[in-house]
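Hello,

Here is the structure I promised to pass on. Please look it over first; my notes follow below.

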Amino acid sequence: GTDVVHRYFDHELNNRERPVHKVCLDSFYIDKYEASQKQFKEITDRNSSKLFNDDWPTDHVKFLDAETYCSLQGKRLPTEAEWEYAARAGTSTATYNDNLDSSHLKCEEPNPALDSIAWFCGNSGNKTHTVAKKRPNARGLYDMLGNVWEWCWDWYGSYSSDAQTDPKGPDSGSPRVMRGGCWVSDAGAERVALRGLNDPSGSGSYLGFRLLRTP
């Protein structure tokens, strides 16, 4: 089934991030932007989104459709380890723009760490927005938090405390991993480490992606 993460105070969700472990990755290139509706339509000749705007990130995307789009471009979806490395941009805080203010995690409350970098329920006006309108992280990547959740390649699996090299998740499973939170997420769900899960056949208004290429 679908397990969409929009709320923060759930110990089971937070425990998915543990134990902390070391990861080594090979080099890769990742797109600066989430795939837009215009790009998705140009390649697939259709638009899966329900509210149309060429410059908004494409949404309502099923995993297979995202994977197909990537392959048509000679690229692929990032693993969640690659996604997190790219999103962190060398930081170790909850967001790549400092830690969250734990006293302001509701939609009606401002959160200084997020307002300048992410569209979330506290500032989105209940919709997605044009890509790259918020400040990028230190690697120049936009919307790594907020706007739409981003599909990752991995089937969900529990973490191990062992060091890993280029992890790609289990060989099979049920939910796939998504990362980054979205326009309807609470501030507390907009954390780089948070692991969202979704049925690969799911296509909610919050589901998009970005592309990655291996050198």
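I started with helix H3. Its buried residues pack against helix H2 (37-44), S3 and strand S5 (176-179). Keep in mind that this is a predicted model.

Which residues of H3 are buried? In helix H3, which spans residues 63-72, they are Phe63, Ala66, Tyr69 and Cys70. Viewed down the axis of H3, the buried residues fall within an arc of 130 degrees, so they line one face of the helix. The face turned away from that buried side carries Leu64 and Leu72, and both are exposed. Buried here means under 20% relative accessible area, and exposed means over 50%. Just after H3 comes Gly74, with a positive phi of about 70 degrees.

Next, the largest pocket. It holds about 740 Å³ of space. Its lining counts 30 residues. Nearest the centre of the pocket lie His21, Val23, Glu84, Tyr159 and Arg179.

Which elements supply the lining? Helix H4 (80-88) and strand S3 (149-155) each give at least two residues to the lining of the largest pocket. H4 gives the most, with 5 residues.

By class, the lining of the largest pocket splits into 12 nonpolar, 9 polar and 9 charged residues.

Best wishes

Conventions: Residues numbered from 1 in each chain as written. Predicted model: local features only at pLDDT ≥ 70, side-chain atom pairs only at ≥ 80, totals over all residues. Heavy atoms only, no water. 1 Å grid on protein atoms, 1.4 Å probe; cavity = no way out; pocket = protein on both sides within 12 Å on 5 of 7 lines; lining within 4 Å. Points joined across faces, edges and corners; volume = space filled by probe spheres on them. Helix = DSSP H or I, 4+ residues; strand = E, 2+ residues; numbered from the N terminus. Nonpolar A, V, L, I, M, F, W, Y, C, P; charged D, E, K, R; others polar. Buried < 20%, exposed > 50% of the residue type's maximum accessible area, 1.4 Å probe, protein only. Arc of directions from axis to C-beta. Contact = heavy atoms within 4.5 Å.
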